[in-house]
Amino acid sequence: MKVIKCNNYDEMSEISANLIVEDLEANPQLVLGCATGSTPIGTYKNLIKAYENKLVSFKDVTTFNLDEYVGLETTHEQSYRFFMEDNFFNHIDLNKENINFPLGSGNLDECIKKYQGELDKKVIDVQILGIGSNGHIAFNEPGTSFDSHVHTVKLDTQTREDNKRFFNNLDEVPEFAISMGIKDIMAAKKIIILANGKNKKYAVNEMLSGLKTEEFPASILMDHPDVTLIVDSEAGEDIE
Ligand code: PGA
C-alpha cells in the first residue's frame, strides 16, 4: 500500500483529486467508484473545480456508488443518491445514464440482483474509499465475508452513532443498508482510500498492522496490488 501523509484535509482532498484527474486525462471513459461521507467531499469539490477550469470532462465517465441506506427514497436529503447529486453529479457534465447506484427501497432482492448485474458488466478503474472508525469499507461491517458481493447489511451500532450527526437523532438513522461487497471492491483496478481526523487514527493503524481479519474489513486492502492511502496529520499521526 502506498501511503501519502498530508498536513490537513484540504491537502488530502487536493492530492486525491489530482490523482483522479491524471487517470481521467489518460482515460476519458474512466469507470469511477464513488464514496459518500464527510471524507470525500473535498475531493469532489476539487474535481468540480477541475471540470469548471476545463481540465477534465466527465461526459464519457461511468460511476458506481458503494452503498445506500435501506428505506430512504432517492429524494431524501440523507440518502446517498441525494448526497452524490448535491456534492458532485449536479455540478459536472456526467451523463445521468452512466450513473450506477444501488437502490435501497422496494424489493431488496431485486435491488441486489440489479446492482450486481450492473457491476458485473464493468470493471471499476479507480475506486474512492473512506474508512469507518470500526474499519468498515462501504457498509461492510466487521464480520463481513471477504468473499461478499452486493448484499444488505445491518448497520453496526458504531456506524449508526457515527452517522447520527446527519440526522435529527439516532432513531432516524436507518438500521439497514445495501452495499457493494468486499469482493466487488477488491475487483477495482485501483483504490484510493482517504482518512482524516483523530477518530480515524485507530482504523488506519489497524489496517496498516498487516493483521488480515474479517473482523476488520479494511485489513483486506493490504492484499490489493494498487492501493493509495491518503491521510491527514491526525489520522496518520502514528505513520512514520
Ligand atoms: P465519513 O465516513 O467519511 O463520514 O467519516 C467514512 C465511512 O464510513 O466510510
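Me: Is Met222 buried, partly exposed or exposed, and what is its relative accessible area?

Reply: This is a predicted model, in which local features need pLDDT of at least 70, side-chain atom pairs count only at pLDDT 80 or more, and totals for chains, interfaces and linings use all residues. Residues are numbered from 1 along each chain as its sequence is written, and side-chain values use heavy atoms, with hydrogens and water left out. Buried means under 20% relative accessible area, exposed over 50%, and partly exposed in between (1.4 Å probe, protein chains only). Met222 is partly exposed, at 33%.

Me: What is the phi of Ala138, and is Ala138 buried or exposed?

Reply: The phi of Ala138 is also positive, near 50°. Ala138 counts as buried, at 8% relative accessibility.

Me: What is the volume of the largest pocket, and which residues lie nearest its centre?

Reply: On a 1 Å grid over the protein atoms alone, a pocket is an open set of points where a 1.4 Å probe fits, with protein on both sides within 12 Å along at least five of seven lines; lining residues have an atom within 4 Å of a point. A volume is the space filled by probe spheres set on the points, which are joined across faces, edges and corners. Here the largest pocket has a volume of about 610 Å³. Its lining has 33 residues, with Thr36, Gly37, Ser38, Asn163 and Arg165 nearest the centre.
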